[in-house]
Amino acid sequence: THELRVIVQDEITGKSASVAINIQTVQPESYFYLENNNNFNNLTDTSLNFSAGSESSLMARLFYFNAASADDLDFKWYLNNVLTDVSGTKKEIIPLSISSNLPKGSQISLKLDSINKKAKKDIYQRSSFKTNIFITD
């Protein structure tokens, strides 16, 4: 847990008052949003269906207790368990270009590991999210 304590001092009377609240530490959460018309407003399911030859992008939205922005986090993207370089883009977005040679029924595993740069060793500062991409036609 994290304790937040506020103390107020009256300078005239010298009296003070304080209050403290405890905020429970929880695991960070990650979600993927699919691009549609240049917007990332579509929350994905645990699996996605794509046609061979199609293109899109996924954005990861990460919810950490003490991370103010994506710049506070390290991102590691994996396609079929292979670390994938997504340089040249925003690190929370992975562009997807599905090969037209993939046969119907193919499956691609996509995983994102994120780590809070401030506290890498704390298990509450790590998040992992997986989805599967299926080629439907």
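A: Start with pairing: two strands pair if DSSP finds at least two bridges between them. Strands are DSSP runs of E with at least two residues, helices are runs of H or I with at least four, and both are numbered from the N terminus. Four strands here form an open sheet, β4-β3-β6-β9, with antiparallel pairing. β4 (39–43) and β9 are the edges, each with a single partner strand, so one side of each lacks a neighbour in the sheet.

Q: What kind of model is this, and how are residues numbered?
A: It is a predicted model: local features need pLDDT of at least 70, side-chain atom pairs count only at pLDDT 80 or more, and totals for chains, interfaces and linings use all residues. Residues are numbered from 1 along each chain as its sequence is written, and side-chain values use heavy atoms, with hydrogens and water left out.

Q: How many bridges join β6 to β9?
A: Five bridges join these antiparallel strands. For a residue pair to look at, Glu 55 stands opposite Ser 97 in β9.

Q: What is the strand order in the five-strand sheet?
A: The order is β5-β11-β10-β7-β8; this sheet is open too, and its pairing is mixed. β5 and β8 (82–84) hold the edges with a single partner strand each, so one side of each has no neighbour in the sheet. Neighbouring strands are turned by 30° on average, direction ignored.

Q: Do β5 and β11 run parallel or antiparallel?
A: They run parallel, joined by four bridges. Ser 47 has Asn 132 in β11 as its bridge partner.

Q: What do β1 and β2 form?
A: A hairpin, with six residues between the strands. Gly 14 lies in the turn and has a positive phi of about 80°. Eight bridges join β1 (residues 2–9) to β2 (residues 16–23), and the two run antiparallel. Glu 3 pairs with Asn 22 in β2.

Q: How many helices and strands are there in the whole chain?
A: Zero helices and eleven strands. Next, overall extent. The radius of gyration is taken over C-alpha atoms, and the globule rule is 2.2 Å times the number of residues to the power 0.38. The chain's radius is 21 Å, well over the 14 Å that the rule gives for 137 residues, so the chain is more spread out than a compact globule. Its C-alpha trace spans about 80 × 30 × 25 Å along the principal axes.

Q: What share of the residues counts as buried?
A: Buried means under 20% relative accessible area, exposed over 50%, and partly exposed in between (1.4 Å probe, protein chains only). Of the 137 residues, 31% are buried.

Q: Which residues touch the most other members of the largest nonpolar core?
A: A nonpolar core is a set of buried Ala, Val, Leu, Ile, Met, Phe, Trp, Tyr and Cys residues joined through side-chain atoms within 4.5 Å. The largest has 20 residues, and Phe 32, Trp 77 and Ile 133 touch the most other members. β5 (47–50), β6 (55–63), β7 (73–79), β9 (93–97), β10 (107–116) and β11 (126–135) each supply at least two of its residues.

Q: What does Ile 133 touch?
A: Contact means heavy atoms within 4.5 Å. Beyond four places in sequence, the partners of Ile 133 include Leu 48, Phe 50, Leu 96 and Leu 110.

Q: Is Ser 114 buried or exposed?
A: Ser 114 is buried, at 1% relative accessible area. This residue is in strand β10. Leaving aside neighbours within four places, its contacts include Ser 30, Asp 74 and Arg 126.

Methods. Axes are lines fitted to C-alpha atoms, for helices over the stretch in contact, and angles run from 0 to 180 degrees between N-to-C directions.
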